[in-house]
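This report looks at aromatic rings and the groups around them. Please have the sequence and the model open while reading.

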Amino acid sequence: MNFKKAYKSSIGYTPICKIGECSLKKLEFGIIELDAGQKLFFDTEDKETAFIMLEGHCNVYVNDEVYENVGNRMSVFENRKAESFYMPKEQELSIEAIDHIKIAVCATPVQEKTQPQVLREDHVILKLLGEQPFQRETSFIIDGNSNAKILTIGEAYCTEGNWAGFPPHKHDENNMPTECIAEEIYYFLFDPKQGFAVQCLYTADGELDEAYRVKNDELVEFPYGYHTTVSTPGYKTYFLWLMAGDYQGFNRSSDPEHAWIEKR
């Protein structure tokens, strides 16, 4: 199976990964794009859903309330932490674009119904992970500090020409607190847009062994297996990462063949 998918810019909501139609069983992903003044109705159905503002500003109408002017950047490369809004399952809402907007829609089925929440820039936790030449700036947008019960979501900026998520790591076995079972998606953007990265995905037995050349508006699903990313020189590499599984969090284990590198 090809775990790489592409998004083609389109007005409205475009589902890209849907449970039952992709490799994932717990995680869905899509993109909303609207021009200024346009509105979109959305029903979360049986899934808690996080809306990550990639570009632009919008008003959100939910439960007779209005979240005004959500969003704080016109590009993910403005080096500002993302604003977002979270919606519980069985929630209807409307989104009104103030200017051109692009929103990442991240969802997973849940049992518990929580409360809507707008998450401004000051909510986001920023960390610098790894070291040269496998360093990245990572933010945590949706996690246990939000109303979400399962979703964990953040953004990563790779240092040009460097690796990210190295040593390769995975989260497909229940070995808590070290590792949990969680599916994941990486969605990529580049500056300039013609840039690309290489996304590796493999299993220890070699049954899965892929290296995808990922371009702007492409994503890779991780149903299982070790994964790591390398950025090309000269380009800013961004990816949105989203996880859903048995536990909410960042519990993972490194490939033991390469784990010595992070212990140097």
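Which residues form one aromatic cluster? The cluster consists of Tyr186, Phe188, Phe190, Phe222 and Phe239.

This is a predicted model, in which local features need pLDDT of at least 70 and side-chain atom pairs count only at pLDDT 80 or more, while totals for chains, interfaces and linings use all residues. Residues are numbered from 1 along each chain as its sequence is written, and side-chain values use heavy atoms, with hydrogens and water left out.

Across the whole structure, the search finds 18 aromatic pairs. Rings of Phe, Tyr and Trp (its six-membered ring) pair if their centres lie within 6.5 Å; planes under 30 degrees apart are stacked, over 60 edge-to-face, and the rest tilted. Two of the pairs are tabulated here.

| Pair | Centre distance | Plane angle | Class |
|---|---|---|---|
| Trp163 and Phe166 | 5.6 Å | 55° | tilted |
| Trp241 and Phe250 | 5.3 Å | 45° | tilted |

Accessibility is given as relative accessible area (buried is under 20%, exposed over 50%, partly exposed in between; 1.4 Å probe, protein chains only). Trp163 is partly exposed at 32%, and Phe166 is partly exposed at 22%. In the other pair, Trp241 is buried at 3%, whereas Phe250 is partly exposed at 31%.

Charged groups also sit over rings, a term that requires NZ of Lys or CZ of Arg within 6 Å of the ring centre and within 35 degrees of the ring normal. Lys39 lies over the face of Tyr61, 5.8 Å from the ring centre. Over the ring of Phe196 sits the charged end of Arg213, at 5.0 Å from the centre.
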